[in-house]
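Please read them beside the sequence and the model.

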Amino acid sequence: MTENSSSSYAAAGVDTAAGDLAVELMKSAVSATHGPNVLSGVGGFAGLYDVSFLKSYKHPLMATSTDGVGTKVAIAQALDKHDTIGQDLVGMVVDDIVVVGAKPLFMTDYIACGKVVPSRIADIVAGIARGCSATGTALVGGETAEHPGLLGPDDYDVAGAATGVVEADAQLGPQRVTDGDVVIAMESSGIHSNGFSLVRHILANNKIGYTDRLDELGGIVGEVLLEPTRLYTMPLLNLLDAQPGAVHALSHVTGGGIAANLARVLPVGSWVEVERSTWSPPSVFRVLSDLAGSTLESAEGTWNLGIGMIAIVAAESADATIAALAADGIPSWEVGRVSMAAHDLSGFEQGAKGVNGGAVRLNGRYGN
């Protein structure tokens, strides 16, 4: 590019030199996720990943997932704190891969921003890299795009995609779920990355700023809300390795809440009543519901309410599953059982996310 054309691009609001500096700042964090299977370095046009190991599979199935973190980025931007949002992205993308029993292999990311601030981009990518390392995923590529005039100087959005692999006969899902299976909930770390448009609406209506201190929440509002998404991939992969055949299905509790996401991994004709009394939703959910003048029950289709992942396991393996997850730092507990018996399904969640699966209803009152 000539000096004149470069100057014209800069005059249009795009700083290629800042983009290059951002790559330099993130390089070491990204490289730390690379194992021997990654054949390309940082900055290439495409990431290269050696999959010759797939020859040892009898029938390998590739799994893929893509997602973002929604309007949680608005809180990161308001606090000028960008080192955790990357973990949220990995949680939303990679933890969907393990749901089918797949081991994640690699991930790519995309950051669109109004202005490239190298240190900010480096913080975001460093968070993605830490999440990738924690889930055994290689960060093999990405893109930072500057969109002046479309996004404000401090605005950005993040998205990512990941790929994994599972042996065909080890694939998890509704085809494995049977009558009497135990439904085990895994504790979330907070709101994770869903329902933040509602969170922001509630705070705005109550004239509460992200930098305000709210004793009921236990600190600065924005800092509490930025608690990163818990990552379940490695504990679940460890569980699948240690107890082959015990886990029949997994459900990642994201947009739509507990009932909608659990229904997606149940077979047609089955149903589950999730007992609210088995857990107490964390204070962040209770405080926000109180501020909204509503109930926890009214937010069940929006927030995870303290359950970030669900496992459906053989009844005889339930205790061992809960113990194994606890040993890996994931508190978990039984919330219900799968039934195939004839039942009146009025009030149950069915057909969630376009999946013709089972039926789920939350029952009773939440624990204190």
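1. In the contact between two helices (heavy atoms within 4.5 Å), I85, G86, Q87, L89 and V90 of α4 meet I124, G127, I128, G131 and C132 of α5. These contact residues comprise six nonpolar, four polar and no charged; Ala, Val, Leu, Ile, Met, Phe, Trp, Tyr, Cys and Pro count as nonpolar, Asp, Glu, Lys and Arg as charged, and the others, Gly among them, as polar.

2. The model is predicted: local features need pLDDT of at least 70, side-chain atom pairs count only at pLDDT 80 or more, and totals for chains, interfaces and linings use all residues. Residues are numbered from 1 along each chain as its sequence is written, and side-chain values use heavy atoms, with hydrogens and water left out.

3. Helix α4 spans residues 85-97 and helix α5 residues 118-134; their axes lie 6 Å apart at an angle of about 45°. The two helices are therefore oblique (angles under 35 degrees count as roughly parallel, over 145 as roughly antiparallel, 65 to 115 as roughly perpendicular and the rest as oblique). Their crossing is right-handed (the near helix is turned clockwise from the far one by less than a right angle).

4. Four strands make up an open sheet of mixed pairing, ordered β1-β4-β2-β3 (two strands pair if DSSP finds at least two bridges between them). From one strand to the next, the twist averages 15°.

5. Nine bridges join β1 to β4 (residues 156-167) in the antiparallel sense. V165 in β4 is the bridge partner of M62.

Methods
Axes are lines fitted to C-alpha atoms, for helices over the stretch in contact, and angles run from 0 to 180 degrees between N-to-C directions.
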